[in-house]
Amino acid sequence: MLIEAFEDRYLLGVAQMDDTHREFVELVNQLGDATKPDFIHLFAELLAHTKSHFESENALMQESAFPAIGEHRDEHQRVLGELRRINDRVQSGSTFIGRAYVTEQLPVWFQLHALTMDSALAAHLNKLETQLVE
Ligand SMILES: [Fe+2]
Ligand SMILES: [Fe+2]
């Protein structure tokens, strides 16, 4: 398993984000065990899933006037660019770089991103929610 203990470590308290992150982690873990044909198929799925993951967070930031929207959106753009470039290689049958990326980089990236940028966004959203309820 490439990313472990999701429910203990990564829950942010915003259902939409948590559901998306849970799916992301499942996909990464499936990629870790996949045969080559499955890996190629799942990598394309990961790219599509991540695109909609980032679009929905970008929309949440926009709607809630999140102060750090610029750097968070730029980081999404950077990672999506990486995923697109690697997906091109993977879809042409060269899975070596894709395997290395999924094993060595994505789990580390997710851990950092979830616990910093996404956690800050979730705290901002939860604070707004509390203010609306009060
Ligand atoms: Fe996220
Ligand atoms: Fe994010």
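What spacing do the donors of the iron ion (ligand 2) follow along the chain?

Modeller: This is a predicted model, in which local features need pLDDT of at least 70 and side-chain atom pairs count only at pLDDT 80 or more, while totals for chains, interfaces and linings use all residues. Residues are numbered from 1 along each chain as its sequence is written, chains are lettered from A and ligands numbered from 1 in the order in which they are written, and side-chain values use heavy atoms, with hydrogens and water left out.

Along the chain, the donors of the iron ion (ligand 2) follow the spacing E-x14-H-x3-H-x36-H-x4-D. Donors are N, O and S atoms within 2.8 Å of the metal (3.2 Å for Na, K and Ca); water is not among the atoms, so sites may look incomplete. The coordinating residues are Glu 57 (OE), His 72 (NE2), His 76 (NE2), His 113 (NE2) and Asp 118 (OD), at 2.1 to 2.2 Å. Two of them link distant parts of the chain: His 72 lies in helix 4 (residues 69-91) and Asp 118 in helix 5 (residues 96-133), 46 residues apart. Helices here are DSSP runs (H or I, at least four residues), numbered from the N terminus. His 72 counts as buried because its relative accessibility is 1%, and Asp 118 because its value is 0%. Buried means under 20% relative accessible area, with exposed over 50% and partly exposed in between (1.4 Å probe, protein chains only). Glu 57 also bridges the iron ion (ligand 2) and the iron ion (ligand 1), and these two ions lie 3.6 Å apart.

Key
Helix = DSSP H or I, 4+ residues; strand = E, 2+ residues; numbered from the N terminus.
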